[in-house]
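Thanks for coming. I will go through one structure today, taking a few places in turn. Please have a look at it before I start.

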Amino acid sequence: MKKFSVVIAGGGSTFTPGIVMMLLDNQDRFPLRKLTLYDNDGKRQGILGDALAILLRENAPEIEFKHTTDPEEAFTDTDFCMAHIRVGKYAMRELDEKIPLKYGVIGQETCGPGGIAYGMRSITGMLEIIDYMERYSKDCWMLNYSNPASIVAEACRVLRPEAKVLNICDMPVGTLRRMSQIIGKTPKELDVRYFGLNHFGWWTSVKDKEGNEYLEDIKSYVSEHGYLTQIEVDTQHTDPSWQKTHKKAKDLLAINPRYLPNTYLKYYLYPDDEVAHANCSFTRANEVMEGREKTVFDAAKEIVRKGTAVGSGFHIDAHASFIVDLARAIAYNTHERMLMIVENNGAISNFPDDAMVEVPCIVGSGGPEPLSQGRIPDFEKTLMYQQLMVEKMVVEAYVEKSYLKLWQALTLSKTIPSAGVAKALLDDLIEANKDFWPELS
Ligand code: NAD
Ligand code: G6P
Ligand code: MN
């Protein structure tokens, strides 16, 4: 059986240990010969890399493991690049969240002005790793879940149209797990229909393999509890702020009772409520730095101190196994049905062909083939079109280094009340991002 070589780009990510453990747990489905961590911050990655070297030596000595900041070493002889970089790290995420709040505007990692600022940073980092991948391993596929996925996907479409990059998000995966629990099934027993942009979409159907439809059953649960379930099945989205988010789906369903909403719609449909309950001095970035980041890095240091990973604080990120499903779909032509972020080209028949949309696809060794979702209603289409133009204009602003285009993109965002607020925000964001953004004029 062929064994694969994988590079994890953004090796210093808080998700790296969980994903490595998940890969080890999946050796029967997706065997590895080589695993490499790559990051441009060697110090951060080194903490996790040294710990994972011990863990691999103890559990899978047959897999060649290394961590490096040298792109040539990292990307040579690789079959898959799993990419989860965060350009600017948590320090910049914190600013993305806090600067907008000063103006009474949503401060969020991927939505509104924070997502736009992050997008302007991510494009450069993503192009860099795509180019390394193509230079050193031309047949390699990138499985990308670096954010903001919509803007990153649009930038790839425009700037690297031929690159073998697959853009995917775990939010629908986590929410489907919750839905499956609500109706007493497992996610693998269900097929969905869905349309939207990344972090901006709706489920129109949830069926089992016999064709029984569960949409109404799930809606009736969500109308009372949102996606909050009794037992935690979606292991990634469990902090108190996430519980609030799952619950809020109830209000998202109320305004649009036809379909089941993606939780991220709350930032567009109830921004006033979100801002009113936000703590300007302690946002999600702070929660993550004090929570996940600290736990993961402390566990790594402990492994190195003890010289063993036996009884360590690293845990398998079972939630991330969809990444193996995706890699297997490419490697073994499995025709797995998955939600992917792809160029529309008619999948949503009354939406622009060149929009990067999130829809179910059949994934095989040639990549994803989108499934037709037909026509969508005006309410959703109008919201999506406005957001689509924001994302497209951000990429145009990046390419043209245009201040005006970025100001217009911010003004178009449903999260921002006026051109005046957009301009003040933009000037603050330019200052904060001067080490990362192209210079605008
Ligand atoms: P993190 O800050 O812990 O890790 C990101 C790593 O990327 C850091 O070690 C950083 O040094 C590195 N990095 C930054 N720029 C780089 C570059 N140009 N080249 C190489 N490495 C670079 O962040 P995290 O919270 O673990 O999240 C990682 C990423 O995964 C983020 O983009 C996050 O939004 C994304 N994410 C996506 C999904 C999804 O479903 N799409 C789910 C979870 C996380
Ligand atoms: C979900 C989204 C990701 C996002 C993550 C943020 O999984 O799909 O795109 O990056 O949440 O999680 P965090 O725990 O870092 O706030
Ligand atoms: Mn996502």
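How much space lies in the second largest cavity? The answer is about 40 Å³. Keep in mind throughout that this is a predicted model.

Let me stay with that second cavity. Its lining is made up of Phe200, Tyr268, Leu383, Gln386, Gln387, Val390, Leu412, Ser413 and Lys414. Helix 14 gives the largest share of this lining, four residues. Sorted by class, five of the lining residues are nonpolar, three are polar and one is charged.

Now the other one. Which helices supply at least two residues each to the lining of the largest cavity? They are helix 5 (112-136), helix 6 (149-159) and helix 14 (378-400). By class, this lining has eight nonpolar residues, eight polar ones and one charged one.

Cys169 sits in the loop between strand 6 (165-167) and helix 7 (171-182), and His199 in the loop between strand 7 (190-197) and strand 8 (200-208), so the pair ties together parts that are 30 residues apart in sequence. Cys169 has 7% relative accessibility, so Cys169 counts as buried. His199 has 5%, so His199 is buried too.

On to helix 1, residues 16-25. Why can we call helix 1 largely enclosed by the rest of the structure? Because nine of its 10 residues are buried. The buried ones are Thr16, Pro17, Gly18, Ile19, Val20, Met21, Met22, Leu23 and Leu24. What covers these residues includes both strands and helices: strand 1 (4-9), strand 2 (32-38) and strand 4 (80-83), together with helix 2 (42-59), helix 12 (284-306) and helix 13 (321-332).

I will finish with two single residues. The first topic is Asn433, which is placed in the segment after helix 16 (419-432). Its relative accessibility is 1%, so Asn433 counts as buried. A polar atom of the Asn433 side chain lies 2.8 Å from the backbone oxygen of Leu429. If we leave aside neighbours within four places in sequence, Asn433 is in contact with Met92, Ala117 and Arg121.

The other residue is Lys138, in the loop between helix 5 and strand 5 (141-144). Is Lys138 buried or exposed? Exposed means over 50% relative accessible area. Lys138 has 64%, so Lys138 is exposed. Leaving aside neighbours within four places in sequence, Lys138 still has contacts, with Met133 and Lys164. Thr76 is 62 residues away from Lys138 along the chain, yet their C-alpha atoms are separated by 9.3 Å.

To put the two side by side: Asn433 is buried at 1%, whereas Lys138 is exposed at 64%. That is the end of my part.

Technical notes:
Residues numbered from 1 in each chain as written. Chains lettered and ligands numbered in written order. Predicted model: local features only at pLDDT ≥ 70, side-chain atom pairs only at ≥ 80, totals over all residues. Heavy atoms only, no water. Buried < 20%, exposed > 50% of the residue type's maximum accessible area, 1.4 Å probe, protein only. Polar contact = N/O pair within 3.5 Å; in protein donor to acceptor, adjacent residues only side chain to side chain. Contact = heavy atoms within 4.5 Å. Nonpolar A, V, L, I, M, F, W, Y, C, P; charged D, E, K, R; others polar. 1 Å grid on protein atoms, 1.4 Å probe; cavity = no way out; pocket = protein on both sides within 12 Å on 5 of 7 lines; lining within 4 Å. Points joined across faces, edges and corners; volume = space filled by probe spheres on them.
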